[in-house]
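Please look over the sequence and the fold together before reading on. The paragraphs below are meant to be followed with the model open.

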Amino acid sequence: MIEPRNDKAWRELVKARDGWRCQRCGKRSVPFSDALHAHHWHRRGVQATRYDLDNGITLCPECHAFFHAHPAAAHEFGEKHLGSERWMRLADRFHGKRDRV
């Protein structure tokens, strides 16, 4: 897996992985435009998950704003999108815990 080393590389990898499509509403964009956002599930200030691709999802500006305004809905969507096991492993890394066995 490619490990991005800066925010721009991380954003572009997340959007490319998601096919340049909002994962909530399906809105599409052309590659490398700013029409879509790469949203961090867990805040990017924690280096353990800052550039983890599981910590990102492609959203249109409207869905991105919705997730920030409705964190419980974002959490529910994120867990469903990643699957419970990957979601929990991401949360553990964010909180500095070792991977679950």
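What follows goes from a pair of helices to the cores, and then to single residues in a helix and a loop.

The model is a predicted one, in which local features need pLDDT of at least 70 and side-chain atom pairs count only at pLDDT 80 or more, while totals for chains, interfaces and linings use all residues. Residues are numbered from 1 along each chain as its sequence is written, and side-chain values use heavy atoms, with hydrogens and water left out.

Two packed helices are described by the angle between their axes and the distance between the axes. Here the axes of helix 4 (residues 71-82) and helix 5 (residues 84-94) come within 6 Å of each other and cross at roughly 115°; the axes are lines fitted to C-alpha atoms, for helices over the stretch in contact, and the angles run from 0 to 180 degrees between N-to-C directions. Helices (H or I, at least four residues) and strands (E, at least two) are DSSP runs, numbered from the N terminus. On the side of helix 4 the contact (heavy atoms within 4.5 Å) is made by His75, Gly78, Glu79 and Leu82, and on the side of helix 5 by Ser84, Arg86, Trp87 and Leu90. Sorted by class, this contact of helix 4 with helix 5 has 3 nonpolar, 3 polar and 2 charged residues, where Ala, Val, Leu, Ile, Met, Phe, Trp, Tyr, Cys and Pro count as nonpolar, Asp, Glu, Lys and Arg as charged, and the others, Gly among them, as polar.

Ala74, Gly78 and Leu82 are the buried residues named in helix 4, buried meaning under 20% relative accessible area, exposed over 50%, and partly exposed in between (1.4 Å probe, protein chains only). Because these residues cover an arc of only 45° around the axis, they lie on the same side of helix 4, the arc being that of the directions from the helix axis to the C-beta atoms. The buried residues of helix 4 pack against helix 3 and helix 5, whereas the face turned away from the buried side carries the exposed residues Ala72, Glu76 and Lys80. Histidine 81 is also found in helix 4 and, at 33% relative accessibility, counts as partly exposed. Apart from residues up to four places away in sequence, histidine 81 touches Gln23 and Ile57. Just after helix 4, glycine 83 takes a positive phi of about 95°.

In helix 5 the buried residues are Trp87, Leu90, Ala91, Asp92 and Phe94, and what covers them includes helix 2 (47-50) as well as helix 4. Just after helix 5, glycine 96 has a positive phi of about 80°.

Which residues make up the largest nonpolar core? That core has 12 residues in all, namely Cys22, Leu36, Trp41, Ile57, Leu59, Cys60, Cys63, Phe67, Ala74, Leu82, Trp87 and Leu90; a nonpolar core is a set of buried Ala, Val, Leu, Ile, Met, Phe, Trp, Tyr and Cys residues joined through side-chain atoms within 4.5 Å. Strand 2 (56-59), helix 3 (61-69), helix 4 and helix 5 each supply at least two residues of this core. A second, separate core of 5 residues includes Val14, Ala38, Tyr51 and Leu53. Cysteine 60, leaving aside its neighbours within four places in sequence, is in contact with Cys22, Cys25, Lys27 and Leu36.

Lysine 15 is placed in helix 1 and is buried, with a relative accessible area of 2%. Beyond its neighbours within four places in sequence, lysine 15 is in contact with Trp20, Ser33, Leu36, Ala38 and Thr58. Lysine 15 and leucine 36 are 21 residues apart in sequence and 7.7 Å apart in space, C-alpha to C-alpha.

The loop between helix 1 (7-17) and strand 1 (37-40) holds tryptophan 20, and phenylalanine 32 lies in the loop between helix 1 and strand 1 as well. Most residues other than glycine have a negative phi. Tryptophan 20, however, has a positive phi near 55°, and phenylalanine 32 has a positive phi of about 65°. Tryptophan 20 counts as buried at 11% relative accessibility, whereas phenylalanine 32, at 63%, counts as exposed.
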